[in-house]
Each structure stands twice: as structure tokens, then as C-alpha cells.
Amino acid sequence: SAVHPAGAPALREMPRRSAGALGAPEQAERYARAALARAPGDAESARVLEAALFVLERWEDLAEHHRRSVSAEPDRGAFHLRELARILDERLDRPAESVEVLKHAIAEAPEDLAIAEALAKTSRRAGDDALFRQALARLIEMRATPAGRAEAHREMGELLLTRLASPDAAA
């Protein structure tokens, strides 16, 4: 049955009350999904769903939510790609898949420092020395502080010293 648009704010309030006052993330998830079914683009309901899935440690569901949100919220697409990559790497132990998501994210938002940082971290964890080197080179250019640039230079030096036979090996 159709819900009048005026009903959407009330639906958004229910998950907040459920998650906050009652401490019931399962109910919060149910209400957030109901709100999104009635108002699919509602950002507040999406946030409640994200929080509930996080509290419930439902990582596959949270990853899928971020995957869908890339197209549902194009203005926050880079954020959702970064979060998807973080979940794949840190919670689901799938760093190679995370790297692929981050490659897409950096293509979408080349000036996003958080994505560049994540790509460096994840490519290192995935053992992709060539991509790690490229990510560090990007960080050397992007980091605003001398200390941040120095850290990226140091990591590049460590990579070249310990994992690559020559500076051109990963180029």
C-alpha cells in the first residue's frame, strides 16, 4: 500500500527511538528497511540502517548496503565506496576485493585524501607492491603537512629497501 510522503518523517523517527532508547538494533534495522521501502532515497533512514547493521556486526549486509548506496546517493558515492572497501578489508578479510573497490573510488574522486590513504594501506595489505608504490607517490603529492609527506617518503623508502629490488621494479 502507498504511504503518504508525510508519513516518511514519522517512519524515520521510529528507528532512532528503537536504537537509542530501547537499544534494539534488530528493530531499528526493521524500521529503517521499512522506511527505505517507502522512501528509497531517504538519507536519514539509510544512516539508521548503516548504524544498526554495524552494531549487529552484519558485515556482508553492510557491505551490500554501501554497494547499493553508491548509485542511490551519487553525491556520497565516494564515501560509500570507501566504506565498502573498509568493510571488505577490515571486517571480511578480502583485501584484494577492497583494492578493486578503491581503484574505482580513486577514479571517481582523485583528490580524496581518505581514499588515497585507504588505497595505500589496503594495497600494502594485499601485497600489491606496484599499486602500493603508486599510492605512496600519490600521498607524497597530496598530503598537506610536511610530516605527512615525510611519512609517505619513509614508507616508499621502506618499500624500496625491503620488497623491491629496484625503484623501477614496481613502476
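This is a predicted model: local features need pLDDT of at least 70, side-chain atom pairs count only at pLDDT 80 or more; totals for chains, interfaces and linings use all residues.
Of its 171 residues, 40% count as buried, that is, under 20% relative accessible area with a 1.4 Å probe and protein chains only. Local features need pLDDT of at least 70 and side-chain atom pairs count only at pLDDT 80 or more, whereas totals for chains, interfaces and linings use all residues. Residues are numbered from 1 along each chain as its sequence is written, and side-chain values use heavy atoms, with hydrogens and water left out.

The protein has 9 helices and 0 strands, where helices are DSSP runs of H or I with at least four residues and strands are runs of E with at least two, numbered from the N terminus. Among contacts (heavy atoms within 4.5 Å) between residues at least 6 apart in sequence, 46% join residues at least 24 apart.

Helix α6 (residues 95–108) packs with helix α7 (residues 113–126) at an angle of about 150 degrees, the axes lying 9 Å apart; axes are lines fitted to C-alpha atoms over the stretch in contact, and angles run from 0 to 180 degrees between N-to-C directions. That angle makes α6 roughly antiparallel to α7, a term applied to angles over 145 degrees. On the α6 side, P95, A96, S98, V99, L102, K103, A105 and I106 meet I115, A116, A118, L119, T122, S123, R125 and A126 of α7. By class, this contact of α6 with α7 has 11 nonpolar, 3 polar and 2 charged residues, with Ala, Val, Leu, Ile, Met, Phe, Trp, Tyr, Cys and Pro counted as nonpolar, Asp, Glu, Lys and Arg as charged, and the others, Gly among them, as polar.

Key: Angles under 35 degrees count as roughly parallel, over 145 as roughly antiparallel, 65 to 115 as roughly perpendicular and the rest as oblique. Buried means under 20% relative accessible area, exposed over 50%, partly exposed in between (1.4 Å probe, protein chains only).
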